[in-house]
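Subject: Model for your files

Hello,

Please keep the two together.

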Amino acid sequence: MPTVIHNQRELVREALPVRLAPPPMYQVVLLNDDYTPMDFVVLVLRQVFHKTDAEAERVMLQVHHEGRGVCGIYTRDIAATRVETVLHMAHADQHPLQCLMEPVALF
C-alpha cells in the first residue's frame, strides 16, 4: 500500500516501483525454396540483417540444408519491418524467397 503524505495544500502519494515486462520478441526466419539463388540469400542477410560474410553464409546454408534459418530476434515492429524488406527485395528481383516472423518464448 503506498504511503500517503498530507501536506497543507496537497495530498502526495508516494509512487510504488513499477516493474515493466520486457517486450515480446520475435524471430525472423527465412524459408528454403528451389529457385532463389544462394547468392541472393547471402545478399539479403548482409543488407537487411547486417550479417558478416561468414554469418550470412552460415545462415544461408542452414536455410538450404534444414529448410529454414533464423536471421535474428527483434521486437515486433522491427521484425515486421525486416520481413517486409526481405519480401520486397525478393519480389523486386522476382525470387520466391519467403520470410516470416515467429514469437519467441523468453525465459
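Threonine 75 is partly exposed, at a relative accessible area of 27% (buried is under 20%, exposed over 50%, partly exposed in between, with a 1.4 Å probe and protein chains only). This residue belongs to strand β4; helices (H or I, at least four residues) and strands (E, at least two) are DSSP runs numbered from the N terminus. Apart from neighbours within four places in sequence, threonine 75 has contacts with Pro23, Pro24, Met25 and Tyr26, contact being heavy atoms within 4.5 Å. Proline 22 is 53 residues from threonine 75 in sequence, and 9.7 Å away from C-alpha to C-alpha.

This is a predicted model: local features need pLDDT of at least 70, side-chain atom pairs count only at pLDDT 80 or more, and totals for chains, interfaces and linings use all residues. Residues are numbered from 1 along each chain as its sequence is written, and side-chain values use heavy atoms, leaving out hydrogens and water.

The sheet is open, with 3 strands in the order β4-β3-β5 and antiparallel pairing (two strands pair if DSSP finds at least two bridges between them). Its edge strands, β4 (68–75) and β5 (98–104), each pair on one side only. Strand β3 (residues 25–31) is joined to β5 by 7 bridges, and glutamine 27 stands opposite glutamate 102 of β5.

Helix α2 (residues 53–66) lies across β3 and β4, at about 125 degrees to β4; axes are lines fitted to C-alpha atoms, for helices over the stretch in contact, and angles run from 0 to 180 degrees between N-to-C directions. Helix α3 (residues 76–92) packs on the sheet and touches β3, β4 and β5, its direction making about 165 degrees with that of β5.

Regards
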